[in-house]
Each structure stands twice: as C-alpha cells, then as structure tokens.
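Have your viewer open as you read.

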Amino acid sequence: MAHSETEPPEGETLRRWEREQAHLKANVIEEDTEEWQKDSTFAGLERVGGVDLSYAKGNDTIACASLVVLSYPDLEVLYEDCQMVTVSAPYVAGYLAFREAPFLVEAAQRLQEREPGLRPQVLLVDGNGVLHHRGFGVACHLGVLTGLPCIGVAKNLLQVDGLAKDELHKEQIRDLQMGGAMFPLRGTSGRVLGMADIRSREYIRKHLSSPLGSTSPGPGRKEEAEPKH
C-alpha cells in the first residue's frame, strides 16, 4: 500500500487554486516569440531543458525534483540539478501545478543563480499545457512563473474538448512509426490543443534520471497525462 500523508483539499482551496489559474492564464503567450521558433530547422536553438518530479515507489510525498539542460542538437548534458523534496500538497486532477510547480520553479531559480549562461531556450515539462480542463496546465503555469517557453510532454491523452481515446486516435498513434511523425490534437471547438508524437515523450524519459532508482509518476498521473502540446 502506498504511503501518503496528503489529504484532499477543501472546496475553498480548490476555488482559490482555480482563481489563481485564471489570473495567471492571462499571461500565457501561445505565439512564437523566439527567432529559432521561426526556422523549420530550429537554427539558433542551442539549449533545451527538461523538468520532472519522480516519486519514491510506494510513497507519494517523497520525490526527486529534476532539471536537466542539454545542448542542441548534440544533446550533451550541460547542467543537472536533482533535489529530494517533501511534497505536501495533494494531487488533484487539473491542479497538478499546485503540487509540483513550486519545486520546479525553485530548480529554475537555482539554475539562474548558479549558471545563468545555461538558461534553456525551451523547457520540456512532464505534464499538460493548454490541453487542460481550463486551458492552463502545469507547463503553462511553469512558463508564466519562470518566463521560459515551455512545452508540455506526457504519456496519455487528456480527454477534454471532445478529444477521445477512440479507435481513430489509437490508429493514428499506431501509425507513428518514424521519428518526428506526429498528428494534431484538434478539439471539437476546432482549436488545435497540441501534437501527438513519440520522440518528445521518449526524450523526457531518457534524459531525466532520478537517484531514487525505481520511481513512480505520482498519484493519478497516468490517467491525466497526455502527448506533447
């Protein structure tokens, strides 16, 4: 049985979290702002970062908060930061940032203090971005708080705005055989909420190692995660 000391939040806490999401969401920039984003070969992109919280197996309160910066396109490790942390906020679907983002923001701040020249030009985040119940997942949350361009990367489809893990979606996933192959995640609203691919998912798994050895994504994460967005 998994050890847990976190209790479900009261209704007022959820309402406060939702208000904070709405407030921060006003600062999300979805348009390309960096020069390297305007080039199909990503010319000018030199540093790519990734962040994640990996939980001790069987314990959802002890985790390793990791930030890694790699060179691009060679993917050589330029910077690593792994800190053991105690997580006190409960996991609630749609509010993951309130559980994990504070530790990831601290990791970004440590990088800025120690090696400002290695600040990543883009940050891959294990979690949701605009593909989210309220259009403001942990990747958006972290991007607003750090000022870094962030891309949400996760494992399974979050079924919002009419997106469904139906036979069509499964067939599209099976067709993703080549590196770089992808397809858009378009909701019934007509808005493209992200892209589903394979390489982005494997990238963050490969390069974010944890000293915990056997780890867990954390309570409930398997059900809420989704492909790159």
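## Ser71

Is Ser71 buried or exposed? With a relative accessible area of 12%, Ser71 is buried (buried is under 20% relative accessible area, exposed over 50%, partly exposed in between, using a 1.4 Å probe and protein chains only). Ser71 sits in strand S2, residues 62-71 (strands are DSSP E runs of at least two residues, helices H or I runs of at least four, both numbered from the N terminus). Setting aside residues up to four places away in sequence, Ser71 touches Glu46, Glu76 and Leu78, where contact means heavy atoms within 4.5 Å.

## About the model

This is a predicted model, in which local features need pLDDT of at least 70 and side-chain atom pairs count only at pLDDT 80 or more, while totals for chains, interfaces and linings use all residues. Residues are numbered from 1 along each chain as its sequence is written, and side-chain values use heavy atoms, with hydrogens and water left out.

Ala97 belongs to helix H2, residues 97-114, and is buried at a relative accessible area of 4%. Beyond its neighbours within four places in sequence, Ala97 is in contact with Pro102, Val138 and His141.

Searching the whole structure turns up two cavities of 30 Å³ or more. A cavity here is a set of points on a 1 Å grid over the protein atoms alone where a 1.4 Å probe fits but cannot get out, and lining residues have an atom within 4 Å of a point. The largest cavity has a volume of about 60 Å³. Of its 11 lining residues, the closest to the centre are Gly94, Leu96, His132, Gly137 and Val138.

## Salt bridges

The whole structure has seven salt bridges, each a side-chain nitrogen of Lys or Arg within 4 Å of a carboxyl oxygen of Asp or Glu. Arg110 pairs with Asp81, their closest N and O atoms being 2.7 Å apart. Arg110 lies in helix H2 and Asp81 in strand S3 (residues 77-86), so this pair ties together parts 29 residues apart in sequence. Both Arg110 and Asp81 are buried.

Asp81 also meets Arg114 in a salt bridge, at 3.6 Å from N to O. That pair links helix H2 with strand S3 across 33 residues. Arg114 counts as partly exposed at 46% relative accessibility, whereas Asp81 has 2%.

Definitions and conventions. 1 Å grid on protein atoms, 1.4 Å probe; cavity = no way out; pocket = protein on both sides within 12 Å on 5 of 7 lines; lining within 4 Å. Points joined across faces, edges and corners; volume = space filled by probe spheres on them.
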